[in-house]
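Dear colleague,

Please find below the sequence and the structure that I am handing over to you. My notes on what was found follow directly after them.

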Amino acid sequence: MSTLYLYNSYNRQKEEFVPITPGHVGLYVCGPTVSGESHLGHARPYITFDVVNRYLQHLGYKVRYVRNITDAGHFEEEGREAEDKVAKKALLEMLEPMELVHKYTSLYHWGMRKFNNLEPSIEPTATGHIIEQINMIEDIIAKGFAYEVNGSVYFDVKKYAAQYPYGKLSGRVIDDLLETTRELEGQEEKRDRADFALWKKAPPEHIMRWKSPWGEGFPGWHIECSAMSSKYLGQRFDIHGGGMDLQFPHHESEIAQSTIAHGCAPVNYWIHNNMITIDGKKMGKAYNNVIKLTELFSGDHPMLEQAYHPMVIRFYILQTHYRSTLDFSNDALKASEKALRRLWEAYEVLQKLPLTDNASASDAELEQKILDFCQACADDMNDDFNTAKVIANLFELAPVINGIKGGQIRADAISQSAQQLMLDTFHTYLESILGLQPLQQNDDSKLDSVLQLVIEMRREARARKDYAASDKIRDMLAAAGIQLKDEKDGAVSYSID
RNA sequence: GGUAUCGUGGCCGAGUGGCUAGGCUCAGCUCUGCAAAAGCUGCUACAGCGGUUCGAAUCCGCUCGAUACCUCCA
């Protein structure tokens, strides 16, 4: 098994990945709050960690991938107004909370399938784990790190920070957090401003409520992930992922809760993906600049010049390293579309290329170049999942493939094993690990039959030098989004936009 | 205000102190009835100013600029 190095946010450095149980990996990723439609920003973590999951499996690990659904809704942490997002939206849309959750969960799953993300092993919901959350809160109270006030329960950050490195993950200075500089409503319940809620008393009008030892209420924002990750992955597991914006306070609080409840830090490796920005600003509801997935795929949004295929989005995201910000623009997306199309066509050409029977290569330099770029794919994935470089390596092979087909490269230039290696590399990296798919599925055999007929008619026209007729066929097909390509050997292929 | 991160050629973007990242665009050429596709060639950049070094986009310092988190957030 080759050695994987990944950037651990907790220690701010690349570290060799060593699983707790040899051959097995526990992976937890913060899922969406299903109180609204998923947007482009949400696509990034789920595609990023889908590739992480796929790559770990490729390395031979048995991965248990847990990705939650937050269906209980977060509430305003500072208690200005206890507000449950799900409940609030449900009222607005005149839906039962469960109805609303169902609607957006379905849409989210639809988006995940479009992106060709593999399903997680377990997709637990917050509302399905109220008991586990209550148990964990009771445990933390029993250990003296949480206190109840008026039916709500808060975590004692000050006490925790005295013994543990609270703020290490997010680079926070605890003294700054403990300083009360702002007066916030509802703040008086907490002993300290930095404390966070484990359980919140439900006001009378609140629809989502559960019975607890502290009265009717609902769980705090952070406790669900701690309760569910420990239930399915154990008290200490390998990798926890999520967006960088969750580092504080969400993940910091997860660490604190779990450390008290279980006596150990919950996670060995923290991985955080960076944000998608638009005009340099983070895409998010608060900025009013989101592009929903449905809009992205249909092109129905003022900022979109065209519709973008889910695979184009996936490719666009993977062309950038996951820890860099990624700025949205139509130009960037259009460039990605062209690039993916070209790369995929090279892969298709490679698949159709007859396998040479050369035992050795006549062009040793080219042969070596192929071996190097194929090997580099493994090295680059092992270097903190550098998908951008993997894609660049594959692009280096495209001219070789096209050159062999076009005759610019001699048929005996490379060996059979090198050709086979390219085939394996494209299949493994482009399809299995990056999870990319063709932009259009040529599964319509009837359409193909018709096009073959048209191509034959054009061939006949060209044979009798009736170029007016042959060009008319070509132009009309082009207008319909079907592009003909005359190969050097006289064969004709086509691609559909 | 505090804490971080980042500033790369027309655009997007990778980058381990020394070797052409890659993609898109653009220009020229080859092939082609013409195009398209494909191939070849060209476009050598690292915010600014200092410093360390034989050598820095890469390390250090300062300046300027941008963003993120500190409230919900992927």
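Predicted model: local features only at pLDDT ≥ 70, side-chain atom pairs only at ≥ 80, totals over all residues.

In which loop does Ser 38 lie? Ser 38 is placed in the loop between strand 3 (24-29) and helix 1; helices (H or I, at least four residues) and strands (E, at least two) are DSSP runs, numbered from the N terminus. Ser 38 is buried, its relative accessible area being 12%. Here buried means under 20% relative accessible area, exposed over 50%, and partly exposed in between (1.4 Å probe, protein chains only). Not counting residues up to four places away in sequence, Ser 38 touches Tyr 108, Lys 292 and Leu 293, where contact means heavy atoms within 4.5 Å.

Residues are numbered from 1 along each chain as its sequence is written, chains are lettered from A and ligands numbered from 1 in the order in which they are written, and side-chain values use heavy atoms, with hydrogens and water left out.

Overall picture

Chain A has 16 helices and 15 strands. Along the principal axes, its C-alpha atoms fill a box of roughly 90 × 50 × 35 Å. Of the 497 residues in chain A, 52% are buried. Among contacts in chain A with a separation of 6 or more, 74% are between residues 24 or more positions apart.

Helix packing

Two packed helices are described by the angle between their axes and the distance between the axes. Axes are lines fitted to C-alpha atoms, for helices over the stretch in contact, and angles run from 0 to 180 degrees between N-to-C directions.

Helix 1 (residues 40-58) and helix 14 (residues 416-433) have axes that come within 10 Å and cross at roughly 140°. Helix 1 is therefore oblique to helix 14; angles under 35 degrees count as roughly parallel, over 145 as roughly antiparallel, 65 to 115 as roughly perpendicular and the rest as oblique. Helix 1 contributes Val 51, Arg 54, Tyr 55 and His 58 to the contact, and helix 14 contributes Thr 428, Tyr 429, Glu 431, Ser 432 and Ile 433. By class, this contact of helix 1 with helix 14 has four nonpolar, three polar and two charged residues. In this scheme Ala, Val, Leu, Ile, Met, Phe, Trp, Tyr, Cys and Pro count as nonpolar, Asp, Glu, Lys and Arg as charged, and the others, Gly among them, as polar.

Helix 2 (residues 85-93) and helix 3 (residues 97-114) pack with their axes 9 Å apart, at an angle of about 95°. Helix 2 is thus roughly perpendicular to helix 3. The contact is formed by Val 86, Lys 89, Ala 90 and Glu 93 of helix 2 together with Pro 97, Leu 100, Val 101, Lys 103 and Tyr 104 of helix 3. By class, the contact of helix 2 with helix 3 has six nonpolar, no polar and three charged residues. Glu 93, in helix 2, counts as partly exposed at 24% relative accessibility.

Aromatic and charged side chains

The structure holds 16 aromatic pairs. Rings of Phe, Tyr and Trp (its six-membered ring) pair if their centres lie within 6.5 Å; planes under 30 degrees apart count as stacked, over 60 as edge-to-face and the rest as tilted. Tyr 28 and Phe 237 form a tilted pair, because their ring centres are 6.4 Å apart and their planes stand at 55°. This pair links distant parts of the chain, with Tyr 28 in strand 3 and Phe 237 in strand 9 (residues 237-243), 209 residues apart. Both Tyr 28 and Phe 237 are buried.

The pair of Phe 155 and Phe 196 is stacked, with ring centres 4.9 Å apart and planes at 10°. Phe 155 lies in strand 6 (residues 152-155) and Phe 196 in strand 7 (residues 196-201), so the pair ties together parts that are 41 residues apart in sequence. Phe 155 is buried at a relative accessible area of 0%, and Phe 196 is buried at 3%. Phe 155 and Phe 196 belong to one aromatic cluster with Tyr 160, Tyr 164 and Tyr 166.

With kind regards
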